[in-house]
Structure formats: structure tokens, C-alpha cells
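Here is a brief report for a first look at this protein. Please start with the sequence and the structure below.

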Amino acid sequence: MLSRVTVFRSLFSTEKRKLLSRYYAKNTVNLSEPAVQSYLKHLILEHDSLYSKSQRTPEEAKRLLEIKPIVSVLEQRIALFDSIESLKELNKKENDQEITKMIKEEAGVYLKRIKEVDSDLQSVLIEPGFTEGGVLLEVTAGAGGQEAMLFARELFDMYQSYANYKNWQIDIASIEASDLGGIRKGSLLVHGYGVPELMKIEAGVHRVQRIPSTERGGRIHTSTVSVAVLPQPTEIEVNIADRDVVIETKRASGAGGQHVNTTDSAVRIVHLPTGTVVECQEGRSQIKNKQIALQKLRVLLLEKQLEEQSSKIQNERKSQIGSSNRNEKIRTYNYPQDRVTEHRDGGSTIHNLKGFMEGGEALEKMQEDLLSHQKHEMFMKGVEEFVSKHKVETIS
């Protein structure tokens with residue numbers, strides 16, 4: 001273990017630091033910073049300590065999974081520098097020009113590979129990681145009356161389009177329509193690769209600035225829509241016994257053409273132990289509506305299952321949507337200026353609002369940029385905590 005760390009100390013000589021500084025922009029991790037080097041050495045030791053344990057706690061297993069990709073790349077880097085050092089020693093003993101030339105060529109191959117590994121290290125440190133999973137996405141009109149409800153519908157549609165763009169599975173859990181074509185509240189069940197990480201970015205207050213179609217004076221109105229993103233539990237995490245629920249069917253109400261009031265497709269489920277009630281009438285199939293309603297019930301029961309879990313998720317929802325005031329925004333959609341501005345750290349401004357609302361590549365890039373920034377911040381926070389604890393040098 002110690003030999004690996006000893007080799008690591010030689011990875012960043014003064015000359016190599018100058019070389020690295022030319023390759024990495026300001027939004028990446030500065031690998032030449034002594035504090036970063038010390039922290040990476042610490043991760044190797046931590047990994048070896050955790051890996052050597054015959055039994056690990058859930059927290060230790062999770063931590064090992066988190067740092068393994070980083071250590072794996074560092075091991076490649078150590079092996080490459082070890083090979084270069086071996087070539088240097090061989091070159092000192094060799095007088096044959098042909099062999100010396102071959103040694104230099106081989107060293108060049110290793111140096112080129114080191115640059116590639118450095119790029120891999122940057123990626124594993126700051127690029128977001130994705131998992132398979134699902135969320136319940138709630139879109140709720142906030143301040144602004146009918147205009148807020150209209151924009152809530154547009155956001156709801158954007159997320160459906162985005163889910164299709166990402167090839168995710170989506171089910172409409174509920175929609176509370178307004179009189180003018182908007183929605184007071186709508187919820188979507190979304191499942192797929194990357195859903196938990198990417199869609200959590202959307203949680204918060206979205207502010208829209210535009211001239212409503214009903215505005216005769218040409219004044220710009222400001223409205224808000226709140227988006228909450230709650231984790232979608234599995235059947236194992238929340239088990240619902242048949243004896244604990246009462247399932248009722250009825251005819252769907254509202255818009256729907258000839259289908260409305262002709263079949264008992266709407267489903268209402270009452271969870272007896274908690275009194276929780278959910279309904280779904282969005283689909284034409286009673287079986288599908290039942291599946292959606294049960295999944296929505298699982299999400300709601302996750303809030304009530306344990307007091308600690310409940311408090312955490314409720315606080316998460318509250319922290320995400322605030323009070324829907326106009327100044328509690330995470331993103332602004334300004335129609336007169338044709339721009340979308342992300343207000344959180346790592347955000348940017350896009351001057352193609354119509355394209356953004358189509359729910360495609362522009363939204364995806366904004367989410368990934370924010371996730372990368374968050375991961376970078378988390379890594380640097382780990383470095384800072386390590387420095388504070390161990391009094392590590394921070395200036396090269």
C-alpha cells in the first residue's frame with residue numbers, strides 16, 4: 001500500500017505541473033494543487049482500507065463504490081509513471097543508440113497515454129453519474145392566476161416531450177385542468193436511466209415573464225410554477241398489502257370525447273391504515289389506471305412510512321418549491337427577450353426559448369452542466385474538509 005503512495009508522490013513534479021496547467025480549464029479540478037494531490041493519495045489509502053475489510057457497513061460499501069472509479073484511474077496513472085521511471089533507469093545503463101531511440105519512443109507512448117488518463121481522471125471527478133430509477137414529478141401553478149396555470153401546462157408538456165426524447169417511460173398520474181386550457185396541478189411518473197439525477201435538477205420555482213394573450217395594455221406579467229420531484233419507491237421499499245386497500249372504479253369525468261362516462265376506467269384507491277386517497281382517470285384502461293394509482297400511492301406512503309423519512313421528503317418538497325413567490329426562482333423564462341436563464345451556480349442563459357420548451361438537447365445540456373458543477377463542488381468540498389482536518393498545504 002505504501003509503495004503505491006510513494007509512487008504517487010512523483011506523479012506531479014514541477015515540470016509536470018506546468019504541463020498539466022495548460023490542458024485544464026478553470027471549471028476542472030486543478031490536479032497540480034498540493035491539496036488535491038494529498039486528497040487523492042488519501043482516497044487510495046481509504047479505498048485499500050475499505051477493500052481489505054471482510055465485512056462492510058452499508059455506508060462503507062456505498063463509499064467504496066463512490067471512490068472506486070477514481071482510484072481505478074489513479075492506479076492506471078501510477079502504473080504508467082512507474083513504467084516511465086523504469087525506462088529512465090534502463091536508459092542510464094544503455095549505450096546503444098538504437099536501443100536508446102526505442103526507449104524514447106516507448107516513453108513517448110506512455111506520456112501520450114498519461115494525457116488520456118488525465119482526461120479520464122477529470123471526467124470521473126466532475127462528470128455526473130446516472131442510475132436507473134423513477135420519480136414522481138409534480139407541476140403546480142403558483143403566483144399569477146390563469147397565466148401561471150397556462151405556463152404550468154407548457155412546462156408539463158415540455159417534460160413529457162423531454163421524457164420521449166430520452167426514451168423514458170412516462171405515465172400521467174393526475175391532471176387538474178383550468179378553464180382556459182392550463183392546469184392547476186399535474187403529476188407524472190417518470191422512469192428510466194438518469195431520471196433520478198436529471199429530473200431532480202428541475203425541482204424549484206420556475207418564473208415566466210411574458211405578455212398574456214388576455215393583456216390589452218401590452219404589459220409584461222410575471223408568474224410562477226412550482227416543480228417538486230419525489231423519489232419513486234419500488235414495491236420492495238413500500239409493500240402494500242391487498243387487505244390494506246379499498247379499490248373503487250367509476251366513470252371518468254372531464255374532457256375525453258366519447259370515452260367519458262361510457263366505461264368504468266377511473267380508479268380510486270383508499271389506503272385504510274393511513275387514510276391516503278389517490279385517483280387516476282387519465283388512461284382509457286382500468287388496469288393501467290390502477291397501476292398508476294398504486295405507484296402514486298407508494299410515493300405518498302414513502303412520505304408516511306417512517307417519521308424520519310417523511311420529515312426528510314416533506315422538507316425536501318418544501319425546500320424545492322418554497323412558497324412559489326416570484327423571487328424564489330431557480331430559472332426564468334423571458335419571452336420578450338427570447339431567453340431562458342438558469343440562476344443556480346453553474347447555470348447559463350440560452351437565447352432560444354421556443355427550442356428550449358421543446359424539451360430536447362438544450363434542456364439536457366443545462367441539466368448536465370448543473371450536475372457537473374455540483375459534482376465538482378462536492379469534490380472540492382471533500383478536499384477542503386480534508387485540508388482542514390489534516391492541515392495540508394494549499395499553495396504550490
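## Terms and model

Two strands count as paired if DSSP finds at least two bridges between them. The model discussed here is predicted.

## Overall build

The protein chain holds eleven helices and eleven strands. It has 396 residues, and 43% of them count as buried. Take the contacts with a separation of 6 or more: 65% of them link residues 24 or more positions apart. The accessible surface is about 22,000 Å². Carbon and sulfur atoms account for 49% of that surface.

## Nonpolar cores

The largest nonpolar core has 37 residues. Val139, Leu155, Tyr159, Met199, Tyr333 and Phe356 have the most contacts inside this core. Several elements each supply at least two of its residues, including β1 (132–141), α6 (145–165), β5 (221–231) and α11 (361–390). The largest share comes from α6, with ten residues.

Met199 has partners beyond its neighbours within four places in sequence. They include Val135, Leu137, Tyr159, Trp168 and Gln367.

## Strand β9 and its partners

Strand β9 spans residues 329–334, and five of its six residues are buried. Strand β4 (residues 204–210) runs parallel to β9, joined by five bridges. Here His206 has Arg331 of β9 as its bridge partner.

β9 also pairs with strand β10 (residues 339–342). This pairing is antiparallel and has four bridges. Asn334 stands opposite Arg339 in β10. The two strands, β9 and β10, form a hairpin with four residues between them. In the turn, Asp338 has a positive phi of about 50°.

Terms used:
Residues numbered from 1 in each chain as written. Predicted model: local features only at pLDDT ≥ 70, side-chain atom pairs only at ≥ 80, totals over all residues. Heavy atoms only, no water. Buried < 20%, exposed > 50% of the residue type's maximum accessible area, 1.4 Å probe, protein only. Contact = heavy atoms within 4.5 Å. Areas by Shrake-Rupley, 256 points an atom, 1.4 Å probe, with all protein chains shown as cover. Core = buried A, V, L, I, M, F, W, Y, C linked by side-chain atoms within 4.5 Å.
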